[in-house]
Amino acid sequence: MARYDLHKDLQEIDAPVILFDNVSKAYPTGTHAVNHISLEIRKGEFVFLVGSSGSGKSTMIKLMLRETKPSRGKVYVAGKDLGRLRRSQVSRFRRSIGVVFQDFRLLKDRTVYENVAFAQQVVETPSWVIRREVPKMLALVGLSDKHDAYPNELSGGEQQRVALARALINHPVILLADEPTGNLDPKNSFEIMNLLNEANKRGTTIVVVTHNREIVDSMQKRVIMINKGVIVRDEKGGYAHAKN
Ligand code: ADP
């Protein structure tokens, strides 16, 4: 059976990392969360997805992760139609994408080291590689002195850095971050964004959902704004001149 290998797919073809082809998503309740969205994100891009609450941002992220399927249209990641992945391929596909959430979602009964190591264990990384890679990644996010701490012994900013280390440890082609700074103060928010920027410079394609205008303004990246499930703006720059 064909195994899902995002890195290999991206090397072999020059497809966009993410492609929405006229995608609509209506929930069973009748809400049209996403309406006829066509969108292309190329390898190495850094994209902010912005818009007011309820505009459809999380639904877009769920579509990219194949956590939900479009009602119409197709979502492709690395040239693969996600709607055609077999069930056995879906979990492998998801593990090849780094994901970070507002509420960190760390394993509370495991240490910082174990949280990051766990992401490598589930993809069957040899233990000698894990022992080498986890300390390197923790150093990269500035947590070398917190290996043995448990999540509840860390500040919000530190917990999000652990989540980021966990998301990046398997060298994902794409990192999706849904409100990663939603629970953080401005200083920690900028630190997380700097880490995302560094990951982007190392080649990871990054999509960040955020409400944080200051960050969007300061980073001057591509900004896709959605409103009522429709793209109302897609250009490089800040948030400030947007309509809402
Ligand atoms: P955002 O992330 O921009 O706040 P969402 O994608 O979460 O927006 O939601 C878009 C719209 O879809 C909203 O009207 C929301 O109430 C609705 N919605 C989201 N998830 C579901 C769901 N599982 N079932 C029904 N409606 C949903």
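In which helix is the place of F118? F118 belongs to helix α4, which covers residues 112–121; helices here are DSSP runs of H or I with at least four residues, strands are runs of E with at least two, and both are numbered from the N terminus. The structure is a predicted model, in which local features need pLDDT of at least 70, side-chain atom pairs count only at pLDDT 80 or more, and totals for chains, interfaces and linings use all residues. Residues are numbered from 1 along each chain as its sequence is written, and side-chain values use heavy atoms, with hydrogens and water left out.

F118 counts as partly exposed because its relative accessibility is 31%; buried means under 20% relative accessible area, exposed over 50%, and partly exposed in between, with a 1.4 Å probe and protein chains only. Together with V122 and V123, F118 forms a nonpolar patch on the surface, with about 200 Å² of accessible area. Such patches take residues with over 30% relative accessible area and no salt bridge, joining like charges within 9 Å and nonpolar side chains (Val, Leu, Ile, Met, Phe, Trp, Tyr) within 5 Å. Areas come from the Shrake-Rupley method with a 1.4 Å probe, and for residues only the protein chains shown count as cover.

Turning to the ligand, the residues around it are Y27, T29, T31, A33, S52, S53, G54, S55, G56, K57, S58 and T59, a residue being near if one of its heavy atoms lies within 4 Å. This shell divides into 2 nonpolar, 9 polar and 1 charged residues. Here Ala, Val, Leu, Ile, Met, Phe, Trp, Tyr, Cys and Pro count as nonpolar, Asp, Glu, Lys and Arg as charged, and the others, Gly among them, as polar. Ligand oxygen atoms lie 2.7 Å from a backbone N or O atom of G54, 3.0 Å from a polar backbone atom of G56 and 2.8 Å from one of S58. Taken alone the ligand exposes 560 Å², of which the protein buries 64%.

Helix α2 (residues 57–64) gives the most to the shell, with 3 residues. This helix is largely enclosed by the rest of the structure, because 6 of its 8 residues are buried: K57, T59, M60, I61, L63 and M64. After α2 comes R66, with a positive phi near 60°. S53 sits in the loop between β3 (46–50) and α2, and S53 is exposed, with a relative accessible area of 68%.

What about charged pairs? The whole structure holds 9 salt bridges, each a side-chain nitrogen of Lys or Arg within 4 Å of a carboxyl oxygen of Asp or Glu. In one of them, the closest N and O atoms of R222 and E45 are 3.0 Å apart. This pair links distant parts of the chain, with R222 in strand β9 (residues 221–227) and E45 in the loop between β2 (32–41) and β3, 177 residues apart.

Key
Polar contact = N/O pair within 3.5 Å; in protein donor to acceptor, adjacent residues only side chain to side chain.
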